[in-house]
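Please read them with the model open.

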Amino acid sequence: MNRIITKLAIATCLLLVSAFAAAQESVYTKHTAQQGETLYRIAVNNGISVQDIYRANPGLEAQGLKVGQTINIPRASTVQEVPLQDLAAVTRTDLISKPAQNSPYKAIHKVEKRETIYRICRNYGITQDEFLQANPEYRYSKLRVGVNVNIPYSESEKAARSQQSGPSGTVSTVPAQTEPQETVSEPGESFFSQIFQDRKDDGVIRAALIMPFVLNGPQNTDQKKMVEFYQGVLMAIEELKQQGTSIELQVYDSGAEGSDISDIINRQEMQDIDIIFGPRYSGHIAQASAFAMQKKIPLVLPMNSTIEQVYTNPYIFQLNTAPTYYMAEVYNHFFRQFSNPNVIIIDAKDNSHNTFIEGLPDQLKQHGASYVTVVADTATSRIIDQLQPDKQNIFIINSSAAAPLNKMLPVLQLVERQKDPDIETCLFGYPEYQIYSTDHLDEFYEIDTWFYSWFYTNNLLQESVDFNSRFRRSFSRQMLISYPSFASYGYDMASFFLNGMAKYGDRMIENLDRIESRPVQMGFKFSRQGTGGYINDKIFFIHLANDCTVSKKDFDK
């Protein structure tokens, strides 16, 4: 199976806009449909679009083309090409993006009103399975009017192309690199200048997304998450397109863990790529890292928290950070938020590893903060005795597991109700608390709860509400319930980096902290790893306050 999934060309300069110029019979020729002919093939042979034929033959769109049927074919000279500057004035157009040279697709089709997958497949002579392989997002969502979809070659057309191109079965291939890689100098001011230099200077940002969609395997939740991640990327690109940014996205299925992606990174179209998002698995990352190093292009890795290449490859951006790395940020924010703490550590007798708790006593000592440890079954009155009226009294359970929290929530509610109302108390916890808040929101509100996380989204926040609404409008379904939200994750990542490349171009690396984006779920704050790449150590504090409000505190603003 061809491993390219889709190619979304959003560069306005690649659009062909057709408008029907006249309706007189004199501008038509006649054509009788032959066995095996499709409307697409007839349109290509005559240098017009399928929609031109529909407009010249009222009723054809609804009835479909039949063998032996005679139809009107408008002359190509009567199809007016609209100047680029007049695009905004066109009220009804057929926008068909030209497939790039050597593209695996024969057309990119704009969905018209009342069109269905079945009708598109019939018009182009392909099967629904072939269509869905080229447009995997529509396995889970409906077509929308105005979106572009990829039209693949049918199996018979692939076979014919294979015979024309030789025994390899591909129209165009790029041999794997066999020469030793050149030494890559440490990136400085010219880092992103090197990316854009010697590339196509047409104002188009060329991006690649490589993820394990595993479309040749059984459908499962993980596969759906990857597709939803991709849909989030599409939403970011659509938003940037509306702002005037031209982006060309190529999306590839890396396959299951243990597979090889050399056939992806050696493709002709990958040689002009400006930025790569993904892949996910360590073996694929090693291959992509070598390619990014050779091409001097940024490699953005969203899924992994331990990537050894980030310490040696200056072109890697690691988004998902291991707790051991970002814990310094957590402690820093903790003492900024709680400047006068009295910490009450509740020992849940849970032997699970907890990075935050392991380093907390030393941090408290360094800041001269008082703390005490009590066991989980301590009487409520004894816990209240540990409170100090002139301090910020902070309860911290020494486990992020659900069971200790479930046990302590009723106890902390009693403390809140029985203590002196002038004594300040709160619960401080972990990223897992956003999962538990589904069942314990009222309790979290009552006891005034804080927790840290590198990501957070909740329908109580307006940005999340707005994003969910946009997702439903775009894909006609609700997002999966997952932590993190994969659609939001893909959107935030693509929005940040593509916006940065569009705004700063060859000086993006110098302006990472100035890139403007409106993240739904996560933020970006990169730290350079010696002469290697960059790790995101952005952390938020989430506050579920006792006035029943939710806020996400960003200490870097």
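1. Terms for angles come first. Angles under 35 degrees count as roughly parallel, over 145 as roughly antiparallel, 65 to 115 as roughly perpendicular and the rest as oblique. Axes are lines fitted to C-alpha atoms, for helices over the stretch in contact, and angles run from 0 to 180 degrees between N-to-C directions. Helices (H or I, at least four residues) and strands (E, at least two) are DSSP runs, numbered from the N terminus.

2. This is a predicted model: local features need pLDDT of at least 70, side-chain atom pairs count only at pLDDT 80 or more, and totals for chains, interfaces and linings use all residues. Residues are numbered from 1 along each chain as its sequence is written, and side-chain values use heavy atoms, leaving out hydrogens and water.

3. Helix α14 (residues 402-418) meets helix α15 (residues 433-447): their axes come within 9 Å and cross at roughly 10°. The two helices are therefore roughly parallel to each other. Contact (heavy atoms within 4.5 Å) involves residues of α14 including L405, L409 and L412, and residues of α15 including Y436, H440 and F444.

4. The sheet is open and has 7 strands, in the order β15-β14-β16-β17-β18-β21-β22, with mixed pairing. Two strands pair if DSSP finds at least two bridges between them. Twist averages 25° from one strand to the next.

5. Strands β16 (residues 392-397) and β17 (residues 424-429) pair in the parallel sense over 4 bridges. N393 has T425 of β17 as its bridge partner.

6. Helix α14 also lies across β14 (341-347), β16 and β17. Its direction is about 160° to β16.
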